[in-house]
Amino acid sequence: MRSKKAERLKLSDRARDKIRDRIISGAFPMGRKLREGELSEMLGMSKSPIREALLQLESEGLVEMPPDRPAHVFSMGADKISELGELRQILEKEALQLAIKRDDLGLATALDSVVLSMREALEAGDALNYRLLDRDFHTAIFDRCGNSYLRSTYMMLSFRIQALRNWLSRDSELNNISFADHVDIVEAIRQGDFARAQSILRKHIAETTENYLARFGPSVTGGADATGTCNVLIPEMERFCVAALTEVNANEPTISAVVRALSHASKLGIDSHGYRLLPHYLEGLNKGRLNPYPAPKLIGATGGARVLDADNAHGALAGFEAAKHAVDLAREHGLGAVAIRNSSHFGAAGAFAMAIAEQGMMGLAFCNSDSFVRLHGGAQRFHGTNPIAAAAPSEGPRPWLLDMATSSIPFNRVLLAQALGHPLAPEVASDTDGHFVTDPMQADMLAPLGGALFGYKGAGLAGLTEILTTAFSDAPLSVELPPMISTDMTTPRRLGAFVLALDPVAFGGADVFRAVVGRYTRSVRQSHRAGVEPVLAAGDREWEEEDRRKSEGIRLDPETISALNRFAVERSIPPLQTVTKIKAETRWKKNLRGGKYDQSEIQAH
């Protein structure tokens with residue numbers, strides 16, 4: 001009878017093989033978190049063999065297990081991809097030289113057999129088999145080099161190489177080019193032109209590496225700093241966003257609204273509600289949670305009040321539509337209020353208050369969300385983060401802008417901290433028992449604004465938002481909403497929201513309003529400071545960040561970059577170009593020329 005340990009080992013081998021297959025095939029993309037509970041449910045086994053499997057895969061280089069973060073699929077940014085290309089050049093050059101020296105005809109025969117099968121796979125359109133045969137071709141060189149140390153060094157890298165190869169070889173044109181290189185290598189060996197065989201192999205690896213860079217760039221951790229984040233210039237980010245949304249059949253109004261809302265958040269430094277949400281939105285549009293071509297309509301016609309049925313639109317479209325109608329109503333009635341129903345997550349609430357302020361009015365925007373925030377003294381998720389935003393035009397070009405969650409922080413900031421491995425601030429999040437934690441991986445719910453002593457104030461503000469966004473439109477309460485992060489991306493969430501526009505013309509006049517707001521913000525900035533840091537008016541920090549990001553670009557975390565580049569590969573759209581990626585591509589080309597840049601690259605980069 002087999003021991004429990006032997007049985008567990010067998011289970012761990014099965015788990016290892018299944019997880020490895022998913023990583024190499026791309027089903028588990030670079031940077032994907034590998035939570036033991038999720039894998040246990042997926043593979044139908046306990047956590048113990050899963051844990052052992054992850055340790056084995058860590059030794060193979062397919063899984064990374066940092067001490068303060070969950071295990072995740074290996075990460076390779078632009079720099080790491082370049083370094084892998086350089087190492088392949090060294091190892092495969094030496095292996096080919098040794099294999100030719102020991103038995104050139106035997107090597108040619110072995111490679112010729114693989115090439116014949118590769119041709120058959122290409123002609124049959126069998127991309128999966130072609131990828132495996134591509135691996136066999138290069139492995140055959142090491143099998144015949146006669147140096148076990150050289151072979152074992154290559155095999156340690158082979159799983160990562162195969163994962164990259166799998167993701168790249170979805171492109172049939174690149175497969176045809178790659179196949180021609182393999183044929184030429186074998187022909188050169190048969191003709192005794194070993195220098196040419198080496199040259200073709202070197203060119204093949206170089207071009208493959210450049211293709212990896214073009215497709216994946218700094219896909220996960222090869223970013224510009226230690227956190228793995230990377231800069232993306234705003235026009236490039238908006239270009240990619242439009243292309244990606246077009247791929248999931250979003251209509252023009254939806255695309256315009258999503259780009260506008262995400263750019264607002266990312267430019268102003270509200271990264272938790274910026275372009276890091278794009279992969280989530282793409283999935284929702286693709287799977288049916290969000291209506292890609294909605295027909296929002298106004299309901300009721302009483303004075304300055306309306307209800308907007310958003311038809312399960314993206315929340316950004318619903319928010320901007322409501323803001324537009326609120327402004328129109330305010331021009332006629334002095335104020336306009338629009339309650340929204342059948343909407344979805346709309347990102348940073350400040351974008352919609354700003355849309356009203358840009359029309360010379362004071363704007364307010366509110367939205368509830370699925371329950372992540374406990375009550376003061378509570379130990380249950382009850383309210384959403386329920387943001388409040390307000391914007392008021394001033395004498396200057398930029399308005400006074402308040403955009404705040406009624407929780408201590410938005411939950412997206414917890415997700416961002418998890419992605420970057422950063423700790424949370426004290427008294428902003430709690431575990432399942434309602435106790436404060438700073439480890440984002442232990443955070444189960446958020447604390448209301450005000451912390452341990454004054455959280456009742458934040459809970460009260462959350463209740464105000466809850467009533468405005470649900471009672472006027474008959475939308476679900478936070479505790480009744482399906483979760484934003486869910487395996488069910490087909491069911492609409494039917495969120496509510498509320499926007500309000502107040503026209504200064506109907507009160508003391510537009511000039512008076514702007515002058516008073518200007519006087520107020522100047523007074524705030526000129527007030528006595530407690531330390532060396534200046535006192536800021538609401539919005540000052542965001543405007544300063546916007547000025548910086550206009551030149552330096554926005555910041556994206558590793559998981560978001562990985563997800564967007566994976567989407568680009570799957571949909572065959574131009575990948576996202578980052579500042580780091582451009583530098584890495586230039587470095588790789590420099591290495592190929594022996595350390596020299598050409599003039600065109602100096603100008604381009």
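Predicted model: local features only at pLDDT ≥ 70, side-chain atom pairs only at ≥ 80, totals over all residues.
**Stop 1: salt bridges**

Start with the charged side chains. Side chains of opposite charge can pair when their charged atoms come close. The structure holds 28 salt bridges, and a few of them are visited here.

Select Arg 16 and Asp 17. Their side chains form a salt bridge, with N to O at 3.1 Å. Is Arg 16 buried or exposed? Arg 16 has 18% relative accessibility and therefore counts as buried, since the cut-off for buried is under 20%. Asp 17, at 29%, counts as partly exposed.

Next, select Arg 160 and Glu 64, whose side chains meet in a salt bridge of 3.5 Å, N to O. Arg 160 belongs to helix H6 (residues 148-168) and Glu 64 to strand S1 (residues 63-64), so this pair ties together parts that are 96 residues apart in sequence. Glu 64 has a relative accessible area of 23% and is partly exposed.

Now move to Arg 151 and Asp 143. The salt bridge between their side chains is 2.6 Å, N to O. Arg 151 is partly exposed at 32% relative accessibility, and Asp 143 is partly exposed with a relative accessible area of 45%. To see a network, select Asp 13, Arg 16, Asp 17, Arg 20 and Glu 60: salt bridges that share partners join these residues into one network.

**Stop 2: a pair of helices**

Select residues 234-247, which are helix H9, and residues 278-287, which are helix H11. How do their axes cross? The axes come within 11 Å and cross at roughly 15 degrees. H9 and H11 are therefore roughly parallel to each other, because angles under 35 degrees count as such. Viewed as a crossing, the passage of H9 over H11 is right-handed.

**Stop 3: a covered helix**

Select residues 350-357, helix H13, which is mostly covered. How many of its residues are buried? Eight of its eight residues are buried. Among them are Phe 352, Met 354 and Ile 356, as well as Gly 350 and Ala 351.

**Stop 4**

Select Gly 421, in the loop between helix H14 (411-420) and strand S12 (429-430). Gly 421 is partly exposed, with a relative accessible area of 24%.

**Stop 5: two aspartates with positive phi**

Select Asp 311, in the loop that runs between strand S5 (305-309) and helix H12 (315-333). Asp 311 is not a glycine, but its phi is positive, about 60 degrees. The residue counts as partly exposed at 29% relative accessibility.

Then select Asp 474, in the loop between helix H15 (451-470) and strand S14 (495-502). Asp 474 also has a positive phi, near 60 degrees. Is Asp 474 buried or exposed? At 63% relative accessibility, Asp 474 counts as exposed, because the cut-off for exposed is over 50%.

**Stop 6: a nonpolar surface patch**

Finish by selecting Leu 375, Phe 382, Leu 477 and Val 479, and show the surface. These residues make a nonpolar surface patch of about 280 Å². Leu 375 sits in the loop between strand S8 (373-374) and strand S9 (381-383), and counts as partly exposed at 33% relative accessibility.

Definitions and conventions:
Residues numbered from 1 in each chain as written. Heavy atoms only, no water. Patch = residues over 30% accessible without salt bridge, like charges linked within 9 Å, V, L, I, M, F, W, Y side chains within 5 Å. Areas by Shrake-Rupley, 256 points an atom, 1.4 Å probe, with all protein chains shown as cover. Salt bridge = Lys/Arg side-chain N within 4 Å of Asp/Glu carboxyl O. Helix = DSSP H or I, 4+ residues; strand = E, 2+ residues; numbered from the N terminus. Buried < 20%, exposed > 50% of the residue type's maximum accessible area, 1.4 Å probe, protein only. Axes fitted to C-alpha atoms, helices over the stretch in contact; angles between N-to-C directions. Parallel < 35°, antiparallel > 145°, perpendicular 65-115°, else oblique. Left-handed = near helix turned anticlockwise from the far one by under 90°.
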